[in-house]
Amino acid sequence: MKKTFLIIGGNSYIGTLLIQKLLINNKYTIYSSFYQNPKNNDKVNNIYLDINNFKKKDLINFPNRIDNLIILSWCKLNDYNSKEHLKFSKNLTLFTKLLLNNSKILAINVLGSCLEYGVVNGKIKETYHCHPVTNYGISKLKYLKELKKLKYKFNYKLNWMRIFYIYGDNRDRGIWSQFLKAKKENKIFKMSEGNQQFDFIHINKLINYLDIIVTSNKSLGIINICSGRPQKLIRLVKSWSIKYNVKLKVGFYPYTKYESMSYWGSKDKL
């Protein structure tokens with residue numbers, strides 16, 4: 001009998017790639033939520049879901065048994081300080097509680113963020129006490145705390161996959177997508193001085209890690225999804241500029257206030 005996976009945000013960029021990976025071995029029955037424009041895939045069961053307007057009666061569309069609930073969805077990823085993050089976290093908690101009371105859920109896997117750590121320096125382990133300074137990081141952490149409380153009652157396995165800086169995708173956010181836009185428009189790429197040292201992970205490697213974790217049948221708690229090493233931003237961007245023949249305008253933007261100049265994830269647990 002195939003295991004049932006419910007992927008909240010399966011219509012997203014990461015969700016689409018993860019579903020493609022999960023479908024390779026034909027081991028899972030996959031349900032995928034969408035908010036707008038569902039992907040046409042006869043191997044996936046699409047379910048409409050609006051987290052901010054979910055009603056108990058809508059549970060009729062969801063499976064009664066979920067071997068693995070995978071939550072990839074979030075809001076306002078181009079504005080880390082939007083108040084919408086706090087609203088989304090609250091409504092996602094309410095949705096999760098309703099689903100847990102209606103369906104047997106054996107495991108929950110969630111995409112977390114390194115911004116939960118706050119302004120930190122050096123190598124960061126999962127045991128580090130978080131001090132988020134953005135509404136995005138704060139709201140993620142609030143949802144994690146709720147899942148830990150619910151775990152005592154519903155006894156599910158929990159994996160909180162705290163991702164670092166992704167490149168290699170084509171979403172409309174992040175420095176890589178901004179670089180691609182400059183490349184497409186034959187413009188100069190504007191950036192900060194680029195002396196930050198961050199933990200960059202390629203999208204393909206990220207998807208491989210997610211696939212391994214969500215199919216592992218383990219309860220790992222918080223786990224950093226990272227390269228485990230710092231890389232200077234300017235060095236990375238210069239390698240792109242040489243490869244794609246894009247000129248740089250270094251020092252155009254100031255450094256952000258919600259990130260330190262140098263931090264990266266510990267890969268020991270991963």
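Start in strand β9, where Leu-158 is the bridge partner of Ile-108. This is a predicted model, in which local features need pLDDT of at least 70, side-chain atom pairs count only at pLDDT 80 or more, and totals for chains, interfaces and linings use all residues. Residues are numbered from 1 along each chain as its sequence is written, and side-chain values use heavy atoms, with hydrogens and water left out.

Strands and helices here are DSSP runs, numbered from the N terminus: strands are E runs of at least two residues, helices H or I runs of at least four. Two strands pair if DSSP finds at least two bridges between them. Strands of a sheet pair through backbone hydrogen bonds, either parallel or antiparallel.

β9 pairs with β7 in the parallel sense, over seven bridges. Five bridges join β9 to β14, residues 221–225, and these two strands also run parallel. Across that pairing, Asn-159 stands opposite Gly-221 of β14. Six of the seven residues of β9 are buried, so the strand is largely enclosed by the rest of the structure. Buried means under 20% relative accessible area, exposed means over 50%, and partly exposed lies in between (1.4 Å probe, protein chains only).

Seven strands form an open sheet in the order β3-β2-β1-β5-β7-β9-β14, with parallel pairing. β3 (44–48) and β14 stand at the edges with a single partner strand each, so one side of each has no neighbour in the sheet. From one strand to the next, the twist averages 20°. β5 and β7 pair in the parallel sense over three bridges. Ile-71 has Val-110 in β7 as its bridge partner.

Helices pack on this sheet. Helix α1, residues 13–23, touches β1, β2 (28–34), β3, β5 and β7, and its direction makes about 170° with that of β2. Contact means heavy atoms within 4.5 Å. Helix α2 lies across β1, β5 and β7, running at about 170° to β5. Axes are lines fitted to C-alpha atoms, for helices over the stretch in contact, and angles run from 0 to 180 degrees between N-to-C directions.

Now look at one residue of helix α3, Asn-135. Asn-135 is buried, with a relative accessible area of 17%. A polar atom of its side chain lies 2.8 Å from the backbone oxygen of Asn-81. Leaving out residues up to four places away in sequence, Asn-135 touches Tyr-80, Asn-81, Ser-82, Lys-83, His-85 and Leu-86.

Finally, step back. The chain has six helices and 17 strands. Its C-alpha trace spans about 55 × 40 × 35 Å along the principal axes. Buried residues make up 50% of the 270 residues. Among contacts between residues at least 6 apart in sequence, 76% join residues at least 24 apart.

How values were computed:
A polar contact is a pair of N or O atoms within 3.5 Å; within protein, one must be able to donate a hydrogen and the other to accept it, and residues adjacent in sequence count only if both atoms are side-chain atoms.
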